[in-house]
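This report describes a single protein model.

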Amino acid sequence: MDPTGAVNCCAPRPVAFLLLTCLLVFFCSGVLSPRIPMLGTKPEGEGEASGKPVQAVPQVVELPRMVYPQPKVLTPSRTDVLVLTPWLAPIIWEGTFNIDILNEQFRLQNVTIGLTVFAIKKYVVFLKLFLETAEEHFMVGHRVNYYIFTDRPADVPRVPLREGRRAVVLEVPAARRWQDISMRRMQVISSHCEQRFLREVDFLVCLDVDMRFRDHVGVEILAPLFGVLHPGFYGATREAFTYERRPQSQAYIPRDQGDFYYLGGFFGGSVPEVRRLTEACHQAMATDRANGIEAVWHDESHLNRYLLDHKPSKVLSPEYLWDEALLGRPAIMRKLRFMAVPKNHQEIRNP
């Protein structure tokens, strides 16, 4: 082989190696750096300003030095309740987390939390107490957008909000039956994930409006996908769960399947995960409607089917939705955080 030709062929190799090295250094410092945003978060000023979703990348944040009780391997935080699912998702009870550590972690991640609530027809009367108690107990110290879906925007009360928190009133049509109002939530939340939530918030918390906050509900609940144990079934066997048992429905769960029974009035997660959940439930309900069947507990039945197939990354204990008038206060309930408001269901649901 001509030596001159060999030199010409091999000469670019050191240059190529240098370029490859520079690219690797740039890639590692930019993509693998522990300083970039974590899952479901965005840097200050991005997202809403750009109008584009920010790429979610896992991160371990660096905490400042803090003084707190040492966790002890041989002393479990709770021995009276289950605190871990078989798929290693934590079950959140009082005594299982340090809120100071969690608040600092999420503060450093610069998160904004969206709360969706539907106040349709007469249910608008619950908004004032809901918002006032949320300002006392919900995500205190963090940015919050309250997304209020209602057919009566003029009746939405003006409640003073803390700095960094805002209320967004979104008008939606009513429906004749309360069941239809409940089921339509999935479609509305799914469509608004695309229209605005992906740009404006990092996590969504989807709640019933006929409730009040009574104690702390904070960042300990946040995860890619979470559900809440139904207060009426947390101690029951799967055979006793009121799943949809008819095979013709998309929500069908056989009697030998099921982990927990989740309630429909409190669920959430990152915006992409909530979009997937709500869209899947909406499509399943549309299929049922086309087949002339309606699941026994409507959107809650479809939520349970979805969370059986897509295991939540956190499960919230019944502390996070409780009815003290109906269920009393068992000893395991060290805190009652989000409470049912006494009401006449028949009166409030009828036009």
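Which side chain of opposite charge is nearest to Glu300, and how far away is that side chain? The model is predicted, and in it Glu300 is buried yet has no salt bridge. The nearest side chain of opposite charge is that of Arg185, 7.2 Å away. A salt bridge would require a side-chain nitrogen of Lys or Arg within 4 Å of a carboxyl oxygen.

**Surroundings of Glu300**

Glu300 belongs to helix H7, which spans residues 298-309. Leaving aside residues up to four places away in sequence, Glu300 is in contact with His230, Tyr261, Tyr262, Leu263 and Gly264. One of these contacts, Tyr262, is itself buried, with a relative accessible area of 2%.

**Aromatic rings**

The model contains 19 aromatic pairs. One of them joins Phe260 and Tyr262 in an edge-to-face arrangement, with 6.2 Å from centre to centre and 80° between the planes. Both partners fall under the 20% limit for burial, as the following table shows.

| Residue | Relative accessibility | Class |
|---|---|---|
| Phe260 | 15% | buried |
| Tyr262 | 2% | buried |

Elsewhere, ring pairs connect Phe130, Phe138, Phe213, Phe226, Phe266, Tyr320 and Phe338 into a cluster. A ring also takes part in an arrangement with a charge: the charged end of Lys311 is placed over the ring of Trp87, at 5.1 Å from the ring centre.

**Helix H4 and its cover**

Phe130, one of the members of the ring cluster, is also among the buried residues of helix H4, which covers residues 127-137. The buried set of H4 consists of Leu127, Phe130, Leu131, Thr133, Ala134, Glu135 and His137. Their cover includes strands E2 (112-119), E3 (143-150) and E4 (165-171), together with E5 (203-207), E6 (211-213) and E10 (338-340). Just after the helix, Met139 adopts a positive phi of about 50°.

**The chain as a whole**

The protein chain has 9 helices and 10 strands. Its length is 351 residues, of which 45% count as buried. Among contacts with a sequence separation of 6 or more, 74% are between residues 24 or more positions apart.

In summary, Glu300 is a buried residue without a salt bridge, and its contacts include Tyr262, which is paired edge-to-face with Phe260.

Definitions and conventions:
Residues numbered from 1 in each chain as written. Predicted model: local features only at pLDDT ≥ 70, side-chain atom pairs only at ≥ 80, totals over all residues. Heavy atoms only, no water. Buried < 20%, exposed > 50% of the residue type's maximum accessible area, 1.4 Å probe, protein only. Helix = DSSP H or I, 4+ residues; strand = E, 2+ residues; numbered from the N terminus. Contact = heavy atoms within 4.5 Å. Phe/Tyr/Trp six-rings, centres within 6.5 Å; stacked < 30°, edge-to-face > 60°. Lys NZ or Arg CZ within 6 Å of the ring centre and 35° of its normal. Lys, Arg positive; Asp, Glu negative; His and termini not counted.
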